[in-house]
Structure formats: structure tokens, C-alpha cells
Amino acid sequence: MNKNLVLILFSLVHLSLFFYLYPVNIIEAAAKGSWEPILVGFLLEALLTGVYLKGLSAFPGKDIVDIFTGISGKWIARAMLIPYFIFLFVNFNVAHRMELDSVNVVLLPKTPMFFLLLLYGIPLYAAWKGIHSIARGAVIVSVFGVPLILFSLMSGLKNFNFHQIFPFWDAHMTFFSKPQFYSALFAHTGFLFLGMIGLKDKVSMRYIIPVFMMLFLFGLCAVYVPLLIFGPEAIIYLRYPVVLTSDTVDMEWVIFDWLPTFFIISTIAVSMVEAAVSFWIMTTLLQKLFSLRKRGGAIMVLGTLSYVFSAMIVNTDWLDRLNSWNTIFCLYSILVIPMMVWRMSSKYRRNSA
């Protein structure tokens, strides 16, 4: 896979996670100075990505399963990567169930959720076709979906009350003591897929940093656009703040006279790319860790489990609890895996010398 496709996938995998749970977590973590936890999250991810890429560069063409298995053996690899699999599975079902809930509430209120969950078939099929097919589809989605998301976010500009940005600074950075901040770090796990695609050519951080800067602006928009429209007192009671911001705009000249339609359709398209990548990673982990021969069978089993798991989530309170519980596996994935890859690369370089 060439560098440009990797960067497009990198962007979309992150972008899909910014518009539902993420702004709610950030606003609950920081009533003032909301930009601070956003910036800290991106700085932490940039640091970990640099460490991760440094480690991966010692093993060109190998993914993290091959690396862990070759250095430590299959049982150690299983023990170290199963928590990552659990995180991916729970995060997939929480994030995409919330997106489908917004579809159910805003666009298709009379459609049973059991039927909407059949949309999981799209990323399942993409995962079965492979990561290269997902990357080619990501190019199309980025051309059409991302501009519509940006348009939907910026359409509420005339309704901004810039006084809502104050207090601008939290000198004590109290968000570090809030569990919601750590729950919001799920949006910064997208860099881990770089270790699953078997990079043959080194991806330099000088290409990743501009992408991070672009994503940081989207992260700010996801939080501050609803904040500047509704205010900090009202926004903490909203389940879908970013969706509702587009509902405050009256534009009769657009194709759809109701702007949330633009936003939801665009975000669902982007989320299908991230969902396909997650399914592909999970099935690859299952195949390599447990020596499964048929990829299609693993995909069908995983898809069925995801459908049943999502169908059993009865309300949004369950989604919040699952997201909080999954924070442990999230922190493990973004902290332990990059550090272990880097440590194994150091050992491998010493042995090679």
C-alpha cells in the first residue's frame, strides 16, 4: 500500500470517531478550556505514533502479530494482543451503535434497530475483500464525504456566540482528574492500524504531523461548534450535540432542506471505512493468533457476534458504561503496544548487530 493511501486511511479512521461520543466526553471532562484536553490527546498520540513507527521500522513488511510471535512466541503474542482485540470489538459496537442510534432518532424513527444493524454487512464485505479494497473505497469517501462534513459543521457559523468560548483557560487542568478525559482517548487509537498493514516503506512523521494538524482542527470543531451555539450549560444535556448544531441552520437552497441529513449520511459513510478497518484488524488477529485458515468464516462469526452484541445494548446509558469500562483496554492498547514494539525493535537491532 502506498503512502498516500495509508495517510487517507489514517485520516478517515480518526475522523469517524470525533462526532458522537468524543465531544460529549471532552465537554464533561472540561467545562472550561475544552481545547486543553483535545490538545493533550493529540500530543500524546503524536508521541506514541513516533515511538510506534520507530519500532515498526525495524520490521519492514511485518505486522505486530508477526513481530510479537517472532520475538516472544505465540502464547505471549496472544496474551499481549487479546486486550487490543477486546478494545476493538467493544469500541466498534459502542461507536457505531451510537451512530445508528442517531440515524434511528433523526432520519428513520420508525425503523427497528434490528434492521438498521444490518448495515454492518457493508464493512463486513469490505473487510472480506481486504485492506487494499478498503483503502480504495476510502479515497472515494474522502472526496465526497469529508467536504460535506466540513460544510455541515461550518454552516452554523452565523449562530455562533463567541462569548461562550470563555473561560478559555483552565490553569489547573482539572480534566486530568476526570475519567471522561481518559474515555475520550478512544478517538486517538487510530494510529494502531499502522502496525497491522505490514509497512514495507518507512512512513515518516513529517507526513503524519500535517494530518494530525488537520485532525486537530476537526476535533476542535466537533467540540466548539456545538459549544458556541448552545453554550456550556445546555450542551452537557445533549446526546448528539454535533448533529443538533446542523439542525439550528435553515438552508432551503440545499438538496435536503434538513441539514442534519447531510451530516449523518456523510459521517456514516466515513464510519463505514473505520468499521471495515476494525473488522479487518480483528479478523487478522483471529487468523494469525489462532491459526484460522478461512478468513470468510472468521468474518461471519465476528459479524454475527457484533450484531448480537449491538442488539443487546438497550439504551445510551449502556453505551456510556461500556465506553467507560473499555477505557482500560484503550489505555493498554495505545500505551503498552507501541512501547512493546519499540522495545522489541531495540532488542532485534542489538541481536542483528
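## A buried cysteine

Cys 330 is buried, because its relative accessible area is 1% and the cut-off for buried is under 20%. The model that shows this is a predicted one. Cys 221 is also buried, with a relative accessible area of 18%. How many disulfides does the count give? The count comes to zero disulfides.

## Confidence

The protein chain has an average pLDDT of 87. In this chain, 95% of the residues score at least 70. Which helix has the highest confidence, and which the lowest? Helix α3, residues 35–56, is highest, at a mean of 94. Helix α11, residues 232–235, is lowest, at a mean of 74. Where pLDDT is low, the predicted coordinates should not be read in detail.

## The whole chain

The secondary structure is made of helices: there are 16 of them, and zero strands. The C-alpha atoms fill a box of roughly 65 × 50 × 35 Å along the principal axes. The radius of gyration is 20 Å. A compact globule of 353 residues would have a value near 20 Å, so the chain agrees with that rule.

Buried residues make up 55% of the 353 residues. The accessible surface comes to about 15900 Å², and 69% of that surface belongs to carbon and sulfur atoms.

## Thr 189, in a loop

Where is Thr 189 found? Thr 189 sits in the loop between α9 (179–183) and α10 (205–230). Is Thr 189 buried or exposed? Thr 189 counts as buried, because its relative accessibility is 9% and buried means under 20%.

A polar atom of the Thr 189 side chain lies 2.8 Å from the backbone oxygen of Phe 186. Thr 189 also has contacts beyond its neighbours within four places in sequence: Phe 87, Cys 330 and Ile 334. Cys 330 is the buried cysteine from the opening paragraph.

## Ser 306, in a helix

Ser 306 belongs to helix α14, residues 295–311. Ser 306 is buried, because its relative accessible area is 0% and the cut-off is under 20%. What does Ser 306 touch? Leaving out residues up to four places away in sequence, Ser 306 touches Phe 89, Phe 92, Asn 93, Tyr 120 and Phe 279.

Take Tyr 120 from that list. Ser 306 and Tyr 120 are 186 residues apart along the chain. Their C-alpha atoms are separated by 8.4 Å.

## Two partly exposed residues

Met 173 lies in the loop between α8 (131–154) and α9. Met 173 is partly exposed, because its relative accessible area of 30% falls between the cut-offs of 20% and 50%. What is phi of Met 173? Phi is near 45°, a positive value in a residue other than glycine.

Ala 234 is found in helix α11. That is the helix where confidence is lowest, at a mean of 74. Ala 234 is partly exposed, with a relative accessible area of 35%. Ala 234 and Phe 181 are 53 residues apart in sequence. In space they are 20 Å apart, C-alpha to C-alpha.

Key:
Residues numbered from 1 in each chain as written. Predicted model: local features only at pLDDT ≥ 70, side-chain atom pairs only at ≥ 80, totals over all residues. Heavy atoms only, no water. Helix = DSSP H or I, 4+ residues; strand = E, 2+ residues; numbered from the N terminus. Buried < 20%, exposed > 50% of the residue type's maximum accessible area, 1.4 Å probe, protein only. Polar contact = N/O pair within 3.5 Å; in protein donor to acceptor, adjacent residues only side chain to side chain. Contact = heavy atoms within 4.5 Å. Disulfide = S-S within 2.5 Å. pLDDT = per-residue confidence, 0-100. Rg over C-alpha atoms; globule rule 2.2 N^0.38 Å. Areas by Shrake-Rupley, 256 points an atom, 1.4 Å probe, with all protein chains shown as cover.
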